[in-house]
Amino acid sequence: MPKVISFHRTGGPEVLSYAETAFGEPGPGELRIRVAAIGLNRAELLYRAGRMGQPAGFPATLGSEGAGTVEAVGQDVEGFTPGDRIATIPGFSTLPGFSTEPTAHACAVYGEKAFVPAAMAVKIPDGMSFVEASSIWMQYATAYSGLVDAASLRAGQFALITAASASTGIAAIQIAKLLGATPIAATRSRAKAEVLGQQGAAHVIVTGESDLAGQVRRITGDAGANAIFDPVAGAGVAQLVEAAAHGGHIILYGIMDDRPTTIDVAQAMAKALHLHFPSQFTVSLDPEKRERMKRLVLGGLATGVLKPVIDRVFPFDQMIEAHRYLEGQAHVGKVVVAVE
């Protein structure tokens with residue numbers, strides 16, 4: 001029987017375990033797939049550690065971003081047949097509190113097989129590997145939800161992307177470039193600065209060596225950034241307010257800094273700033289928005305302006321090591337687990 005990865009208690013990577021699991025036929029609106037590759041995401045680390053609420057029950061499953069081959073098609077599914085190579089848009093989740101596509105089975109891709117909602121499946125472009133395909137939709141959907149859906153970023157504007165060496169940060173750089181905006185990347189590591197320039201950042205700020213807001217003002221001719229895409233939050237948001245342009249958008253899509261966020265509200269009001277807390281679910285669960293996002297991403301992939309960056313690929317039997325590596329935050333781009 002195929003193996004599935006789950007956890008029976010919250011904690012560190014060592015709580016992950018493998019178990020053989022039987023898979024029957026897919027339910028209405030579902031696909032059963034043979035998983036070939038799994039894209040890892042930070043939310044999965046937080047959920048496993050108990051920092052995103054407690055699972056409804058144990059064992060708890062993980063994973064909504066993967067790629068593989070369709071084995072069986074459920075009732076009322078159109079457009080897919082067995083043998084199709086597909087990747088998943090993470091419009092489903094085992095995390096508590098997330099509104100996701102309803103399914104008959106628990107949908108989670110940490111395994112050799114999985115059930116997934118057909119609405120969240122996208123055929124893989126010709127010539128693309130499963131590893132690459134498992135690295136597309138979380139990062140580009142998240143960047144799209146912030147920069148396009150929330151901030152309406154357009155040509156000629158400036159986008160500041162913090163913690164830019166993570167996969168979603170690189171995706172945001174590429175999407176800003178695709179839209180004709182000027183991407184400004186911020187990172188704590190000088191070693192990562194050159195890589196970010198190679199990925200399309202017009203300017204790179206090493207935050208430990210210079211004043212972030214001051215550098216943004218210098219780059220933008222004192223205008224500030226029109227969109228600021230940030231997964232850190234915490235105490236640094238005050239600097240983002242300083243770095244923002246009048247009428248600018250600050251998009252907080254993560255909580256890497258657990259410290260309280262304090263801002264000068266009068267300054268934010270004087271600048272007429274917009275503060276967003278987007279989720280890629282905002283786009284992936286709305287059929288019209290999802291289709292617009294898919295067209296932009298697939299078009300960008302076809303032209304090469306969008307290209308997922310793979311930092312490291314782990315074998316399936318090293319998921320614990322893969323979680324430890326992702327937690328170390330030394331990666332540039334996506335961490336993937338290859339199942340076959």
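Tutor: Lys 123 is partly exposed, with a relative accessible area of 44%, where buried means under 20% relative accessible area, exposed over 50%, and partly exposed in between (1.4 Å probe, protein chains only). The model is predicted, so local features need pLDDT of at least 70 and side-chain atom pairs count only at pLDDT 80 or more, whereas totals for chains, interfaces and linings use all residues. Residues are numbered from 1 along each chain as its sequence is written, and side-chain values use heavy atoms, with hydrogens and water left out.

The side chains of Lys 123 and Asp 84 form a salt bridge at 3.9 Å, N to O; the term denotes a side-chain nitrogen of Lys or Arg within 4 Å of a carboxyl oxygen of Asp or Glu. The two residues lie 39 apart in the chain, Lys 123 in strand E8 (residues 121-123) and Asp 84 in the loop between E5 and strand E6 (85-88). Helices (H or I, at least four residues) and strands (E, at least two) are DSSP runs, numbered from the N terminus.

By this rule there are 14 salt bridges. One of them joins Glu 327 to Arg 48 at 2.5 Å, N to O. This pair connects helix H11 (residues 319-327), which holds Glu 327, with helix H1 (residues 42-48), which holds Arg 48, across 279 residues. Glu 327 is partly exposed at 32%, while Arg 48 is buried at 1%.

Lys 334 and Glu 65 also meet in a salt bridge, at 2.8 Å, N to O. Lys 334 is buried at 1%, and Glu 65 is buried at 1%.
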